[in-house]
Amino acid sequence: MTAFPEHRESTTAVFETLYAQHHRAVLAYCARRTASDEAWDAAAEVFLVAFRRLEVVPEGDGALPWLLAVARRVLANQRRGDQRRRRLIVRASGHPSTEESP
């Protein structure tokens, strides 16, 4: 047998622990900064990033600040995407925009 199955099990356990310990705090952070449905999406994306980059997530007390920094960037990306969609809708409707371009 290769070491991969053991590595996969340990990775899963580490992620499950990270999620169990910090999901509520990450979701609360996102909920304070965006709409409820968007908060759930943002929190899910934060943990997707964490799973993909699990090897760089700090252990112990450093994990939550790292996750919240990821959440800040995820929320910023959501806002930029929303702004782009609004500008596209205005442009497609043929009405002049009252928003300034970034």
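**Figure 1. Helices α2 and α3 are oblique to each other in this predicted model.** Helix α2 covers residues 36-52 and helix α3 covers residues 63-93. They pack at an angle of about 125°, and their axes lie 9 Å apart. The crossing of α2 past α3 is right-handed.

**Figure 2. Residues of α2 and α3 form the contact of the two helices.** From α2 come Glu38, Asp41, Ala42, Glu45, Val46, Phe47, Val49 and Ala50. From α3 come Trp66, Leu67, Val70, Ala71, Val74, Leu75, Gln78 and Asp82. By class, the contact has 11 nonpolar residues, one polar residue and four charged residues.

**Figure 3. The largest pocket holds about 180 Å³ of space.** Its lining includes Val14, Thr17, Leu18, Gln21 and His22. Leu54, Glu55, Val57, Pro58, Glu59, Gly60 and Ala63 also line the largest pocket.

**Figure 4. Helix α1 gives the largest share of the lining of the largest pocket.** This helix covers residues 4-33 and supplies five lining residues.

Note on methods. Residues are numbered from 1 along each chain as its sequence is written. This is a predicted model: local features need pLDDT of at least 70, side-chain atom pairs count only at pLDDT 80 or more; totals for chains, interfaces and linings use all residues. Side-chain values use heavy atoms; hydrogens and water are left out. On a 1 Å grid over the protein atoms alone, a cavity is a set of points where a 1.4 Å probe fits but cannot get out, and a pocket is an open set with protein on both sides within 12 Å along at least five of seven lines; lining residues have an atom within 4 Å of a point. Grid points are joined across faces, edges and corners, and a volume is the space filled by probe spheres set on the points. Helices (H or I, at least four residues) and strands (E, at least two) are DSSP runs, numbered from the N terminus. Axes are lines fitted to C-alpha atoms, for helices over the stretch in contact, and angles run from 0 to 180 degrees between N-to-C directions. Angles under 35 degrees count as roughly parallel, over 145 as roughly antiparallel, 65 to 115 as roughly perpendicular and the rest as oblique. A crossing is left-handed if the near helix is turned anticlockwise from the far one by less than a right angle, and right-handed if clockwise. Contact means heavy atoms within 4.5 Å. Ala, Val, Leu, Ile, Met, Phe, Trp, Tyr, Cys and Pro count as nonpolar, Asp, Glu, Lys and Arg as charged, and the others, Gly among them, as polar.
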